[in-house]
Amino acid sequence: MRRHRITSSALSVMLSPDKKLVYLALEATREGSASFVHVNEIANGLRARGWDVTLVQPAYARFKRSPPLPVRLLWLMALQVKMWLCWPFQCRGSVLYVRNHNLAFPTGLIARVFGVPIFHEINGPYDDVFITHAILRPFQSVLIWMQKQQFRWATGLCAVSPQLAEWARVQSGGRPVEWVPNGANTDLFHPDAQRPDGLPDRYVLFFGSLARWHGVTAMIAAASSAHWPAGVDLVVIGAGQESATVQDAARAHVHIHALGHVPHHRLAGYIAHAIAGLVPISNPGQRSETGLFPLKMFETLACAVPVIVTDFPGQADVVREHGCGIVIPAEDSEALARAVADLAHNPDHAASMGRRGLDLVQRDYRWPVLAQRTGAFIERQISAKTPG
């Protein structure tokens with residue numbers, strides 16, 4: 001996947017008025033993260049649709065760790081100044097596509113003043129930033145105002161769930177909104193992926209960030225429950241806040257395995273041979289009530305493996321409507337253990353769920369399909385009116 005920095009060649013791309021798009025991602029997207037996958041899959045999908053996409057993001061995205069918060073704030077402001085100095089304002093044919101960020105406010109304001117079409121990709125409500133960065137809570141009212149103004153100035157908004165799209169429509173005062181969820185790269189994620197060495201015979205899998213709201217403690221408790229099926233292991237892939245919790249559990253229980261980080265392009269082999277994929281997301285600050293369409297759910301279904309998801313809008317709706325897994329209450333370890341047992345004891349039923357999930361992803365949730373929806377929405381809004 002190619003990335004761009006602001007260079008003379010990138011500037012020459014911006015100068016041509018036909019289907020030029022600058023994708024601004026102030027969040028550092030690192031390979032292996034969901035944000036990296038989303039940004040690059042949409043960018044590459046738009047390129048395939050004929051857009052010339054320049055991805056602009058902070059240089060520290062290439063580092064393993066981000067600098068301290070004050071340094072990051074200054075870096076993000078400087079990045080936007082540099083971007084606008086390189087961008088001639090008379091270039092009305094270029095489009096800005098911004099991954100939702102409070103500190104993109106200067107870019108939103110300049111786009112408003114100079115009539116540059118600007119679209120915001122919304123991945124969560126306002127509170128997400130304060131859950132991740134509690135230190136910013138004293139500035140909550142100002143940061144929310146900055147974000148809301150960006151929505152109200154936008155040419156259009158793209159949200160990752162229907163519930164979030166409706167929320168964005170209200171917050172923006174009725175700006176045009178398109179729902180574009182996460183999806184799966186079906187060239188990478190498919191049922192025939194090769195099984196890696198060293199895996200247990202029968203297992204369920206969690207992969208992704210080991211954040212508290214990803215249900216790590218519920219998974220560990222479920223694996224210790226009397227309802228957990230004998231002969232089925234729990235394999236956990238990923239790193240994060242709860243890494244120590246998972247490693248301690250792996251040392252204490254022979255059927256729990258902490259594999260740490262696995263490169264994204266190698267995950268399919270672990271997924272395709274699992275009994276089920278676990279998506280036991282919880283609800284800190286009610287963030288999950290605005291709808292969830294997690295990347296891991298679609299990548300699991302693309303491998304023809306059923307999912308066990310918690311009962312929140314979006315992911316639960318997909319699973320119930322298409323019969324491609326089991327829905328359980330959030331933070332209910334006993335329900336999770338029973339769901340694992342259900343799929344482990346009924347392999348034919350689990351396989352039929354997996355096939356339905358695969359058909360669904362192939363039809364509606366491949367990245368090229370989602371990028372096409374994004375590009376078509378942008379084109380409609382630009383042709384409908386003159387922004388700014």
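Biologist: Why is arginine 212 called exposed?

Modeller: Exposed means over 50% relative accessible area, buried under 20%, and partly exposed in between, using a 1.4 Å probe and protein chains only. Arginine 212 has a relative accessible area of 54%, so it counts as exposed. Keep in mind that this is a predicted model, where local features need pLDDT of at least 70, side-chain atom pairs count only at pLDDT 80 or more, and totals for chains, interfaces and linings use all residues. Residues are numbered from 1 along each chain as its sequence is written, and side-chain values use heavy atoms, leaving out hydrogens and water.

Biologist: What makes the meeting of glutamate 242 and arginine 212 a salt bridge?

Modeller: The term asks for a side-chain nitrogen of Lys or Arg within 4 Å of a carboxyl oxygen of Asp or Glu. Here the N to O distance is 3.2 Å, and the pair is a salt bridge. These partners sit 30 residues apart.

Biologist: And is glutamate 242 buried or exposed?

Modeller: Glutamate 242 has a relative accessible area of 9%, so it is buried.

Biologist: What makes arginine 49 and glutamate 379 a salt bridge?

Modeller: Their side chains meet at 3.1 Å, N to O. This pair links distant parts of the chain, 330 residues apart.

Biologist: How do you know that arginine 49 is partly exposed?

Modeller: Its relative accessible area is 27%, so arginine 49 falls in the middle class. Glutamate 379 also counts as partly exposed, at 27% relative accessibility.

How values were computed. Helix = DSSP H or I, 4+ residues; strand = E, 2+ residues; numbered from the N terminus.
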